[in-house]
Amino acid sequence: MSDILFEPLRFRNLTVKNRMFRSNISGRFDNYDGSGTQARINWEVKFARGGVGAIISSFCPVHPRGRIIPNYATIYDDDRIPFWKAVGKAVHEHDCRYILQLSHGGRQRDVPDLAYPKGQSSTDKEDPLHGFECDRMTTADITEVVGSFAEGARRARDAGLDGVELHGANGYLITQFLSSAINDRKDEYGGPLENRARFVLEIVRAIRARVGRDFHLQMKISAVEHNNSLFVLKREGPGNTLEESVQVCKWLVEAGVDAIHVSTGSAFPHPRNPAGADLDVDLLSHTYAQLASSGTNTFRNLLLFRNDLTAALFRKQWEDAGVPKDQIEGLSLPDARVIKKAVTVPVLCTGGFQTASVIRKAITDGDCDGVSMARTLVANNDLVRQFAAGRDQAERPCTYCNKCLVHVVEHPIGCYEEKRYPSREAMLREVMSVFHPPAFS
Ligand SMILES: Cc1cc2nc3c(=O)[nH]c(=O)nc-3n(C[C@H](O)[C@H](O)[C@H](O)COP(=O)(O)O)c2cc1C
Ligand code: SF4
């Protein structure tokens, strides 16, 4: 009997061999100037080899001012096309599709680069968690950034990639326009939902005008923003509801989007995304030093993480605002289900997936058409192959400890949950394997 997990997923312009996608995730292993390296190719190939049907890249800036951290490969210049061509070619060799995530950080970033220490946004309010300052975008700025997304899509197509995803989730620039909590504009890009959605709809139309109708375009959206779940975020209000996001998804599809990728939370990270049961604030108190001079709150936050009492309070807040460990797998399925009922295109869902029977049930119940997995594949790169061999779960599943997340601003991305390995040395060997083979030519 055929298994829905391994049935092809047909989008309007793209067919993917199975229902499991690698969700957006990577580390700081490219060059400071935003050009790519062999390490990124090695990273992506790990998952292609592991059996996923498609890889959705990590945050890929379409504009120099949209970068969130140095050493992430970018797509804002034609001279980046050969690198992305090499990524696509390497992944395609494993019968895996590659979708590039077109992104702009807006006011939300981790480590600013030398060229643009200040972000830009729908607002001029700094982000409440780190205090990253930003300029309110003018209409001319908006037009420029819309054009950058269209050029990013054109470059992805020229590189032979299989599609693009708009990063409209997790608090980055598109969310900053969509969000009722963040967007405080008085012009035609702020106020009612149809105005807040204008920016992203202009991007979709500009992409369609640039690349035509026959190139895959999907959008990742935070279906519910939960923007007031932490006390520092409360002053901005709860943000968009599911009903509002459903309306936005319908407009996106009308404008030419081929799929919706459902996420959650108005910021990144957010207690619900990536959801974790046991935030390691001690580790955070070390790696967060990378951010200490970036925002107006970051030095204060660092002190807070380094003090035992305030660190414990923060950890408790973070956990209370998140979801219990046994509810992490599929936490956004209820939102995906509602969106799927409202739109005519396939829906992907992200959040905690790592059990074949859970994914199978989500698809057969009609909650979504496929799932995307990030940490769970970092822990077990070959999880899809394990499912194909009949396993329901990996022997050592991802524990949702979020140590990969906490390490990522300073160290190479990888699974840092020591108890999943026979030794610390074995863990470090696995993390460092992303640098082999060494050269990109
Ligand atoms: C270290 C790290 C980096 C991430 N980077 C991105 C990103 O660049 N773009 C994005 O949309 N989501 C990003 N995510 C979110 C994941 O793609 C995914 O949606 C989320 O972690 C939930 O899935 P999971 O439980 O399988 O990890 C990142 C997550 C982690 C842990
Ligand atoms: S460090 Fe490993 S176990 Fe922990 S969340 Fe990341 S991938 Fe999962």
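This is a predicted model: local features need pLDDT of at least 70, side-chain atom pairs count only at pLDDT 80 or more; totals for chains, interfaces and linings use all residues.
How far is an oxygen atom of ligand 1 from an N or O atom in the side chain of Gln-101? I looked it up, and the gap is 2.9 Å.

Next I checked Ser-23, where a side-chain N or O atom sits 2.8 Å from an oxygen atom of ligand 1. On its own, ligand 1 has 610 Å² of accessible area, and the protein covers 97% of that.

**Ligand 1, the shell**

I wanted to know which elements give two or more residues to the shell, and I found strand 4 (54–61) and helix 13 (375–379). There are 21 residues around ligand 1. Ser-23, Asn-24, Thr-350, Gly-352 and Arg-375 are the closest. Sorting the shell by type, I wrote down eleven polar residues, eight nonpolar and two charged.

**Arg-22**

I moved on to Arg-22, which belongs to strand 3 (residues 20–22). Is Arg-22 buried or exposed? I put it down as buried, because its relative accessible area is 0%, and the cut-off for buried is under 20%.

What does its side chain pair with? I found a polar contact of 2.7 Å between the side chains of Arg-22 and Glu-44. Leaving out residues up to four places away in sequence, I listed what Arg-22 touches, including Trp-43, Phe-47, Val-52, Ile-55, Met-373 and Leu-377.

Methods:
Residues are numbered from 1 along each chain as its sequence is written. Chains are lettered from A and ligands numbered from 1 in the order in which they are written. Side-chain values use heavy atoms; hydrogens and water are left out. Helices (H or I, at least four residues) and strands (E, at least two) are DSSP runs, numbered from the N terminus. Buried means under 20% relative accessible area, exposed over 50%, partly exposed in between (1.4 Å probe, protein chains only). A polar contact is a pair of N or O atoms within 3.5 Å; within protein, one must be able to donate a hydrogen and the other to accept it, and residues adjacent in sequence count only if both atoms are side-chain atoms. Contact means heavy atoms within 4.5 Å. A residue is near a molecule or strand if one of its heavy atoms lies within 4 Å of it. Accessible areas come from the Shrake-Rupley method with a 1.4 Å probe; for residues, only the protein chains shown count as cover. Ala, Val, Leu, Ile, Met, Phe, Trp, Tyr, Cys and Pro count as nonpolar, Asp, Glu, Lys and Arg as charged, and the others, Gly among them, as polar.
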